[in-house]
Amino acid sequence: MKKKCSLCNEKLPAMESCTCRTLRYGSDYVPRIRFGDEEYNWGTRRCPDCGVLSGSYHHENCICEICPMCGELLNQCDCEGIYE
Ligand SMILES: [Zn+2]
Ligand SMILES: [Zn+2]
Ligand SMILES: [Zn+2]
């Protein structure tokens with residue numbers, strides 16, 4: 001099944017960094033955590049889900065992205081961050 005990132009229109013998986021760099025939590029804008037910057041080491045130079053290279057921003061709804069507010073996985077936490 002082919003997925004597409006609606007933030008940057010890349011077909012997924014994609015090596016190119018996503019163009020979205022910020023998450024909004026209520027009125028707070030917080031920089032996103034790039035692949036390779038999380039404490040957990042995925043053991044690979046490309047994101048296992050969205051495919052970006054180390055140092056790049058994940059694509060929409062990537063299951064490997066970390067929430068910068070709580071440090072948990074973004075798609076599992078309750079912070080309700082919104083891509084900006
Ligand atoms: Zn990713
Ligand atoms: Zn994207
Ligand atoms: Zn969170």
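1. Let's begin with one residue: leaving out residues up to four places away in sequence, serine 56 touches Met15, Ser17, Arg34 and Phe35, where contact means heavy atoms within 4.5 Å. Serine 56 sits in the loop between strand 4 and strand 5; strands here are DSSP runs (E, at least two residues), numbered from the N terminus. Its relative accessible area is 11%, so serine 56 is buried (buried means under 20% relative accessible area, exposed over 50%, partly exposed in between, with a 1.4 Å probe and protein chains only).

2. A word on what you are looking at: this is a predicted model, in which local features need pLDDT of at least 70 and side-chain atom pairs count only at pLDDT 80 or more, while totals for chains, interfaces and linings use all residues. Residues are numbered from 1 along each chain as its sequence is written, chains are lettered from A and ligands numbered from 1 in the order in which they are written, and side-chain values use heavy atoms, with hydrogens and water left out.

3. Which residues hold the zinc ion (ligand 3)? Cys67, Cys70, Cys77 and Cys79 coordinate it, each through SG, at 2.3 to 2.4 Å. Donors are N, O and S atoms within 2.8 Å of the metal (3.2 Å for Na, K and Ca); water is not among the atoms, so sites may look incomplete. Along the chain these donors follow the spacing C-x2-C-x6-C-x1-C. Cysteine 67 and cysteine 79 both lie in the loop between strand 4 (28–31) and strand 5 (82–83), so the pair ties together parts 12 residues apart in sequence. Cysteine 67 is buried at 1% relative accessibility, whereas cysteine 79 is partly exposed at 28%.

4. Why is the site of the zinc ion (ligand 3) called tetrahedral? Its four donor atoms subtend angles of 105 to 113°, which makes the arrangement tetrahedral (four donors count as tetrahedral if all angles lie between 85 and 135 degrees). For reference, the ideal angle for four tetrahedral donors is 109.5 degrees.

5. Now the zinc ion (ligand 2): Cys5 (SG), Cys8 (SG), Cys18 (SG) and His59 (ND1) coordinate it at 2.1 to 2.4 Å. This site is tetrahedral too, with angles of 94 to 115° among the four donor atoms. Cysteine 18 lies in the loop between strand 2 (11–12) and strand 3 (22–25), and histidine 59 in the loop between strand 4 and strand 5, so the pair ties together parts 41 residues apart in sequence. Both cysteine 18 and histidine 59 are buried.

6. The largest nonpolar core has 14 residues, and Cys5, Cys18, Leu23, Tyr25, Cys67, Leu74 and Tyr83 have the most contacts inside it. Such a core is a set of buried Ala, Val, Leu, Ile, Met, Phe, Trp, Tyr and Cys residues joined through side-chain atoms within 4.5 Å. Apart from this core lies another, of six residues, among them Phe35, Cys50, Val52 and Cys62.

7. How many salt bridges are there? The count is four, a salt bridge being a side-chain nitrogen of Lys or Arg within 4 Å of a carboxyl oxygen of Asp or Glu. One of them joins glutamate 65 and arginine 32 at 2.6 Å, N to O. Glutamate 65 is buried at 0% relative accessible area, and arginine 32 is buried at 4%. Arginine 34 and aspartate 37 also meet in a salt bridge, at 3.3 Å; arginine 34 is partly exposed at 33%, and aspartate 37 is partly exposed at 48%.

Conventions
Four donors count as tetrahedral if all angles lie between 85 and 135 degrees; four count as square planar and six as octahedral if opposite donors are over 155 degrees apart and all others between 65 and 115; anything else is irregular. Helices (H or I, at least four residues) and strands (E, at least two) are DSSP runs, numbered from the N terminus.
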